[in-house]
Amino acid sequence: MTYEVDSTAVAASTPEKKQPWKELGLKKDEYERIVEILGRRPTSAELAMYSVMWSEHCSYKSSKIYLRQFGEKVTDEMKKHLMVGMGENAGVVDIGEGWAVTFKVESHNHPSYIEPFQGAATGVGGIVRDILTMGARPIAVMDQLRFGAVEHPDTARVVHGVVNGIGFYGNCLGLPNIGGETVFDKVYQGNPLVNALSVGAMKHADIKLAKASNPGDLVILFGARTGADGIGGVSVLASETFDADGPSRRPAVQVGDPFAEKVLIECCLELYAADVVAGIQDLGGAGLSCATSELASNGNAGMRVQLKDVLLRDESLTPEEILMSESQERMMAIVPPKKLKAFMAIVDKWEVETSVLGEVIDEPRLYIMWGEDEIVNVPPRTVAHDGPVYERPVKYPKWIDELNANGVIAAGLRRAEVASDLAAELVQVISSPNQASKSWITDQYDHYVGGNTALAMPDDSGMVRVSETSGLGVALATDANGRYGQLDPYAGAQLALAEAYRNVAASGAAPLAVTNCLNFGSPENPEVMWQFKQATAGLADGCLALGIPVTGGNVSFYNQTGDVAIHPTPVVGVLGVIDDVARRVPSGWQDEGNNIYLLGVTRDELDGSVWSEVIHDHLGGKPPVVDLAEEKKLADLLHGATLQGLLASAHDLSEGGLAQTMVESCLRFNVGARIWLGELQERDNLDTTAALFSESTARVLVSVGREDDVKFVGLCEARGVSVLRIGVTDGRGDDALLQVKDLADFSLQDLREPWAATIPDLFG
Amino acid sequence: MPKIIVEVMPKADLLDPQGKAVANALHRSGNERFENVRIGKRIELHVSGEVTEADLAQAKLVAESFLSNGVIEDVVNIHVEG
């Protein structure tokens with residue numbers, strides 16, 4: 001088969017040629033704009049580049065106007081620790097002692113539905129390369145998963161594939177997986193969410209940026225060879241929804257090779273240390289189209305590239321396919337010519353295949369040649385940064401009024417009154433799929449490889465040591481509650497932020513920065529756009545109130561099956577810093593005879609709760625009240641108490657309320673307790689159902705040694721955080737009891753069995 | 001006992017990390033002539049008695065729907081042995 005090159009000369013002389021812009025996902029006016037920019041019709045290679053770079057996934061064209069507020073709603077104080085903000089591959093924050101960390105979460109939802117194993121695996125690989133691109137050594141990963149209903153026959157396929165894929169890629173790379181979330185809900189049936197987070201550390205001086213600014217520098221592609229993996233994956237997979245008849249239209253997905261990535265990581269770090277790269281960019285979505293145009297655009301320069309010099313796995317690839325290919329484990333470096341020899345010596349040592357594709361030029365123009373033919377001649381900014389921006393129609397969804405009016409009280413949900421019924425509900429809640437132990441999943445991941453993991457699942461946050469000399473470390477927690485998001489997207493985003501923030505604080509770290517992965521339905525649906533608008537405003541306002549900046553993130557639209565969108569699921573990740581990980585606070589009770597204190601105030605807030613879902617299969621009303629000032633006060637208190645070493649344990653209250661938290665606190669280290677709810681119910685005017693299952697925010701359950709009692713209570717009072725002693729730890733081992741006065745005596749064994757059995761029974 | 005043999009290969013377009021690793025190892029041990037390696041799998045389905053057309057049709061069905069992952073693999077051959 002001979003290939004006819006559609007060069008710029010051909011394009012100029014055949015303006016009438018029909019082009020498949022529509023099939024590539026472009027709108028008519030977008031195509032016309034390309035013609036206007038170029039002053040002629042685009043070549044097929046240019047059309048491929050624009051279509052993929054102007055897709056929703058790469059251009060953020062529907063979300064951009066809302067994402068701006070993350071950069072606007074900030075104070076100078078918030079920017080103090082921010083070294084690299086939004087817009088780069090990942091944000092970078094200063095954590096002290098000359099160290100910086102970079103972290104980001106990204107979605108790989110659509111590929112993971114089509115091919116769960118490779119989709120999830122390459123999701124991990126992609127986010128790790130983003131972190132590497134900033135100059136950092138990746139030090140940990142986390143993942144945020146949403147699957148369909150547990151009883152649906154397709155759920156097991158996706159769960160097994162995704163969990164195996166994450167474990168395979170992360171374990172092979174030798175990166176600890178330190179946390180995440182797993183939630184099952186039928187809204188994710190035809191559209192699971194697979195978000196992956198990575199964090200990396202570097203010294204301040206080692207930060208790298210993705211830009212090509214010095215004319216004469218060489219453009220080098222290295223790593224894996226380019227094949228036909230995921231051609232059009234970004235524009236087709238991420239921007240269009242699935243047909244109603246399921247995964248029939250199966251485009252090529254990408255296959256990852258974690259061992260190749262491991263070599264690439266070490267190779268890049270050695271290249272950085274030798275100071276031979278002037279700029280670096282990973283190849284992910286949109287492959288070479290993205291890397292060349294972004295590097296040139298970021299550096300306010302241009303580039304001349306020979307595409308025939310790309311090393312191919314399959315010689316039959318056309319230039320358009322080479323530009324679109326999403327073959328994994330590839331990087332592009334900008335290298336000054338005098339450093340080429342040193343660069344080559346390092347890549348040769350690591351046996352990484354490398355080819356020099358071209359050079360940086362003075363003129364802000366991207367020229368791509370295919371042999372003698374010029375197939376691309378564009379201003380790189382128009383491809384990478386000046387894509388279309390839409391202010392899509394926004395419409396208030398009327399159905400939400402009805403939903404909000406139908407709270408647990410309006411709906412008349414029955415509350416158990418007899419102690420034995422309440423006790424049975426407690427067991428039902430903690431053993432429901434979303435509340436049960438996730439160790440069947442997390443045990444498939446390596447938590448401790450590298451020897452720097454201080455906390456991992458099931459603790460409130462994952463914590464890794466950054467400095468092996470001082471013990472300086474970072475804690476990370478991510479959260480999102482789609483049910484709350486559905487009831488009120490503004491509050492839902494803030495609740496996710498508040499919970500992640502609280503989790504970080506509960507582990508002893510000081511919250512410092514935020515990342516996010518905003519998973520929503522179709523932006524072409526005005527009601528979804530309203531949800532998105534609300535959620536982004538909520539998150540930006542929330543970050544401002546808490547004084548921690550958004551450093552970067554990712555938007556994933558078109559998460560829906562047919563016309564039905566998922567619940568708004570804004571995954572929020574909070575990163576905190578702890579000056580010595582030895583000071584970390586575990587989530588479980590450790591010693592007998594410690595006092596148990598509930599911090600914060602409990603309201604009768606059961607709308608959207610786990611209790612309403614598990615016991616009554618109900619969703620309606622208003623989510624819990626968000627009080628960020630209270631959250632901040634609580635976090636400051638926890639930080640102060642940690643510094644003084646007063647806390648034996650701390651565990652936040654969220655989904656499943658006090659019931660869930662006290663059971664998890666027992667089961668963590670098999671320590672029992674005596675709990676009394678009477679004073680709490682009296683002080684906060686609650687019935688037992690609300691005391692056990694309310695999901696009021698800004699609450700944490702802590703245990704404190706008797707010798708620190710006076711000091712701790714004094715600290716709470718001085719800082720104005722409401723504190724109430726609700727129990728004492730008592731007994732150890734499987735014979736120990738969780739005795740809840742006037743409710744029941746549970747043996748830990750009787751709690752552990754149903755809690756631990758649910759997920760293995762479903763998927764094991 | 002006759003066997004139905006199903007042969008599955010990774011799709012030609014996609015990366016085959018196992019094949020790549022073996023190719024690299026071959027090259028390191030001096031087998032330069034074998035430029036590229038791709039590794040698939042062979043599955044034997046044992047059938048008692050004669051293999052009927054219906055058995056083959058069923059084998060084809062499970063080969064495509066169950067024994068291989070159509071997103072990343074192709075069934076390249078189904079035949080009877082023994």
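A salt bridge is taken here as a side-chain nitrogen of Lys or Arg within 4 Å of a carboxyl oxygen of Asp or Glu. By that rule A:Asp257 forms a salt bridge with B:Lys20, the closest N and O atoms being 3.2 Å apart, and the count between chain A and chain B is 2 salt bridges.

The structure is a predicted model, in which local features need pLDDT of at least 70 and side-chain atom pairs count only at pLDDT 80 or more, while totals for chains, interfaces and linings use all residues. Residues are numbered from 1 along each chain as its sequence is written, chains are lettered from A and ligands numbered from 1 in the order in which they are written, and side-chain values use heavy atoms, with hydrogens and water left out.

**The interface**

With contact defined as heavy atoms within 4.5 Å, 18 residues of chain A are in contact with 10 residues of chain B. The two chains bury about 1100 Å² between them, 59% of it on carbon and sulfur atoms, where buried area is the accessible area (1.4 Å probe) that two parts lose on being put together, summed over both. Of the area that chain A buries against chain B, A:Val255, A:Asp257 and A:Arg313 supply 39%, more than any other three residues.

Across this interface the rule finds 3 residue pairs in polar contact, both residues at pLDDT 80 or more; a polar contact is a pair of N or O atoms within 3.5 Å, of which, within protein, one must be able to donate a hydrogen and the other to accept it, and residues adjacent in sequence count only if both atoms are side-chain atoms. The side of chain A that touches chain B divides into 6 nonpolar, 4 polar and 8 charged residues, on a scheme in which Ala, Val, Leu, Ile, Met, Phe, Trp, Tyr, Cys and Pro count as nonpolar, Asp, Glu, Lys and Arg as charged, and the others, Gly among them, as polar.

**The sheets**

Helices (H or I, at least four residues) and strands (E, at least two) are DSSP runs, numbered from the N terminus, and two strands pair if DSSP finds at least two bridges between them. Chain A has an open sheet of 7 strands in the order 8-10-7-11-9-12-13, with mixed pairing. Strand 8 (279–282) and strand 13 (373–378) of chain A stand at the edges, each with a single partner strand, so one side of each is left without a neighbour in the sheet. Within this sheet, strand 7 (residues 218–223) and strand 10 (residues 330–335) of chain A pair in the antiparallel sense over 6 bridges, and A:Ile220 stands opposite A:Ala333 in strand 10 of chain A.

Chain B has an open sheet of 3 strands in the order 2-1-3, with antiparallel pairing, and its edge strands, strand 2 (41–46) and strand 3 (73–81) of chain B, each pair on one side only. Strand 1 (residues 3–10) of chain B is joined to strand 3 of chain B by 8 bridges, the two running antiparallel, and the bridge partner of B:Lys3 in strand 3 of chain B is B:Glu81.

| Helix 3 (residues 44–53) of chain A | strand 13 of chain A | about 35 degrees |

Definitions and conventions. Axes fitted to C-alpha atoms, helices over the stretch in contact; angles between N-to-C directions.
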